[in-house]
Amino acid sequence: MTESTTIRWEQDDTGVVTLVLDDPGQSANTMNQAFRDSFAAVVDRLEAEKDGIRGVILTSAKKTFFAGGDLRDLIRVTPDTAQDLFDGSLALKRNMRRLETLGKPVVAAINGAALGGGYELALACHHRIALDTPGTRIGCPEVTLGLLPGGGGIVRTVRLLGIADALLKVLLQGQQYTARRAQEHGLVHEVATSRDELMAKARAFIDAHPEAQQPWDRPGHRIPGGTPADPKFAANLPAFPANLRKQTNGAPYPAPRNILAAAVEGAQVDFETAQVIETRYFVELATGQTAKNMIQAFFFDLQTVNSGAGRPQGVEPRQVRKVAVLGAGMMGAGIAYACARAGLEVVLKDVSLENAVKGKGYSEKLCAQAVAKGRTSQEKADALLARITPTAEVADLAGCDAVIEAVFEDLALKHKVFQEIEQVVAPDALLCSNTSTLPITTLAEGVERQADFLGLHFFSPVDKMPLVEIIKGRRTGDEALARAFDLVRQIDKTPIVVNDSRGFFTSRVIGHFLNEGVAMVGEGIEPASVEQAAAQAGYPAKVLSLMDELTLTLPRRIRDEAKRAVEEAGGTWSPHPAEAVIDRMVDEFGRTGRSGGAGFYEYDEEGRRTRLWPGLREHFTRPGHRIPFRDMQERMLFSEALDAVRLLEEGVLTSVADANVGSLLGIGFPGWTGGVLQYINGYDGGLPGFVARARELAERYGERFTPPALLLEKAEKGETFTDAR
Ligand code: NAD
């Protein structure tokens with residue numbers, strides 16, 4: 001044993017050293033300082049005792065193999081500490097290089113997930129064997145956090161797979177592969193089905209390859225597919241930035257650009273220089289704002305949200321066994337599938353058995369696709385489908401311990417449906433509505449047990465969208481809230497919790513994005529520029545095309561209801577400039593969106609979007625009227641971020657993490673921002689910079705950009721939006 005406890009040294013009498021990664025007190029191994037120190041010490045010892053060693057196996061005592069870089073350290077890096085990061089990264093890489101050039105066979109026995117730094121460590125071994133367990137995931141997902149694999153991952157994957165394959169299969173999209181898929185793509189050499197087999201195969205490799213070398217250290221090694229020095233390869237080089245642009249849509253994501261540069265530049269130099277180049281690009285990303293935004297949101301905030309920070313304390317966790325899904329339309333069918341996939345019994349009820357069976361047909365379609373793609377077995381698919389019982393009979397809901405209602409968006413109908421079933425389901429069943437616009441408190445008035453009632457807002461398509469917005473009505477009890485939280489986790493979705501309010505959080509905030517885009521058309525700005533501005537700001541859907549998808553009559557109905565409520569309370573409705581545009585589109589031109597066959601876009605007979613409606617230019621566009629492109633983008637981003645602050649002020653939102661995660665996973669707020677509130681934190685000049693810019697926009701485009709009091713207060717105090725948990 002060495003003094004290190006992070007890496008355990010176990011040597012058998014045949015001279016095989018097993019290095020067991022086992023960071024004490026941590027649930028996973030990460031590249032923290034303790035690991036770096038232990039790793040350096042272990043490599044020193046391997047070199048010193050080399051003569052008595054036949055080979056080395058790297059494996060882990062945790063459920064995962066190795067989790068990668070320590071993000072807690074990385075998010076704190078500043079330009080002042082950049083040099084330390086550079087030195088530390090390079091030192092670690094040099095130690096990994098010493099391991100692979102030790103002159104003894106080194107095998108990675110990957111016993112679970114090896115992502116990012118974990119896979120990079122495995123790449124520094126001559127042979128990689130992955131245990132085929134459901135938890136095994138292999139790849140370099142750094143790009144999804146605005147980073148690049150800075151542990152030699154670019155240098156080695158390029159030398160292993162070639163520039164194009166390394167970029168496309170590993171680096172630019174951050175794919176995570178199962179053990180078998182990783183083998184198919186050449187990321188690992190072998191797969192094992194048990195831990196014993198894993199270790200036996202590792203030993204067998206050592207026995208058979210006493211002189212093991214990395215491919216790139218063998219004489220005459222050439223990078224597969226060539227390098228920019230080869231004329232044939234060079235001819236394709238200009239396509240790389242173009243493809244990159246296609247991936248990012250022109251949005252400000254620096255990571256893919258740096259990855260591309262590190263791969264191409266690194267392929268033209270020796271291994272050592274390539275490591276330095278990779279480190280330089282890595283440090284540049286780690287010190288930049290985008291990586292901080294993305295790490296905050298996609299790692300820390302997501303962890304906060306999923307770990308139950310929003311779940312009431314002290315309520316015993318409970319699992320749902322049998323769920324009633326009311327309404328087998330688009331949403332109900334998707335919800336039934338998500339529940340059945342997670343192992344719940346589902347009773348799917350509609351007005352007729354025919355409708356219900358049709359709803360189940362959606363699951364049949366998804367299962368068939370999953371089997372065809374090898375993502376599941378026929379047996380598992382059959383079992384999933386057997387868990388869904390379609391029906392038109394209320395009596396079949398007996399014994400359901402949760403209800404998720406997804407019938408038409410109609411208050412009276414929803415009340416009626418709950419009345420029908422309340423006495424039939426389990427006496428303490430959780431009662432949820434998937435309404436997208438109706439107030440939960442009003443809906444709850446239709447049931448007897450109002451404390452057990454809440455909103456469970458899924459997003460379409462349910463099988464793909466990871467978010468569920470839980471809406472707490474005025475009378476919703478803590479017990480129900482906790483159970484809803486547990487249900488959402490049980491079906492493997494991410495729950496955010498908000499208080500009841502018109503449009504809740506997600507629908508209300510995305511409404512501002514849509515309104516802003518539509519308002520710009522009304523001002524006479526070229527519609528194609530509006531779409532371009534949304535795309536280049538990083539929105540996954542262009543603003544006018546999204547408006548068409550949602551239908552133009554929907555915001556009208558919501559607005560009419562909101563207006564009535566304001567006026568009934570004695571207030572005056574101040575119209576958004578988008579309203580007049582929507583009214584004209586619907587009333588004057590009869591264009592209600594894609595479902596009506598015509599909207600801001602034209603559609604062919606199959607409902608496919610063809611082009612922007614030329615009438616927009618005729619009726620709205622003022623030729624030559626332009627505003628700065630940055631203003632167009634920031635009007636959309638600011639309108640959403642400012643409303644999120646107002647929602648915090650109003651107490652609809654109670655957590656910054658919920659706001660960030662909800663905006664990213666539910667309504668397509670651009671990922672590089674780190675979410676609606678992190679966008680404000682990370683804005684150039686921080687909160688004061690954001691306030692100044694909001695005032696500028698308010699002056700130019702309307703009072704709706706006036707910074708709310710909470711934002712001003714935080715800016716003055718030098719605070720940011722964070723959860724004090
Ligand atoms: P849909 O029109 O596709 O389906 C509604 C289904 O409810 C139909 O199959 C209908 O036959 C059935 N139904 C009507 N009365 C019923 C009754 N008495 N008992 C049982 N079933 C009955 O609608 P959808 O798009 O699935 O929306 C359903 C709900 O989900 C609505 O409240 C909607 O606002 C909400 N929602 C929709 C979306 C979306 O993107 N479409 C997103 C979030 C929430």
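Start by selecting residues 254-266, which form helix H11, and residues 271-287, which form helix H12: the two pack at an angle of about 170°, and their axes lie 9 Å apart. Angles over 145 degrees count as roughly antiparallel, so H11 is roughly antiparallel to H12. Keep in mind as you click around that this is a predicted model.

Now show the side chains where the two helices meet. On the H11 side, pick Pro254, Ala255, Asn258, Ala261, Ala262, Glu265 and Gly266; their partners in H12 are Ala274, Ile277, Glu278, Tyr281, Glu284 and Leu285. Colour this contact by residue type and you get eight nonpolar, two polar and three charged residues.

Next stop: the ligand. Select what's around it and you'll have 23 residues, with Gly327, Gly329, Met331, Glu409 and Ser460 the closest. Which helix gives the most to this shell? That's H14, with three residues. By type, the shell splits into 11 nonpolar, nine polar and three charged residues.

Last, head for the largest nonpolar core, a set of 217 residues.

Finish by zooming in on Ile470. Leaving out residues up to four places away in sequence, Ile470 touches Leu454, Gly455, Leu456, Leu481, Ala484, Phe485, Val488, Pro495, Ile496 and Val497.

Terms used. Residues are numbered from 1 along each chain as its sequence is written. This is a predicted model: local features need pLDDT of at least 70, side-chain atom pairs count only at pLDDT 80 or more; totals for chains, interfaces and linings use all residues. Axes are lines fitted to C-alpha atoms, for helices over the stretch in contact, and angles run from 0 to 180 degrees between N-to-C directions. Helices (H or I, at least four residues) and strands (E, at least two) are DSSP runs, numbered from the N terminus. Angles under 35 degrees count as roughly parallel, over 145 as roughly antiparallel, 65 to 115 as roughly perpendicular and the rest as oblique. Two residues are in contact if their C-beta atoms, placed from the backbone, lie within 7 Å. Ala, Val, Leu, Ile, Met, Phe, Trp, Tyr, Cys and Pro count as nonpolar, Asp, Glu, Lys and Arg as charged, and the others, Gly among them, as polar. A residue is near a molecule or strand if its C-beta atom, placed from the backbone, lies within 6 Å of it. A nonpolar core is a set of buried Ala, Val, Leu, Ile, Met, Phe, Trp, Tyr and Cys residues joined through C-beta atoms within 7 Å. A residue is buried if 20 or more other C-beta atoms lie within 10 Å of its own, exposed if 12 or fewer, and partly exposed in between; C-beta atoms are placed from the backbone.
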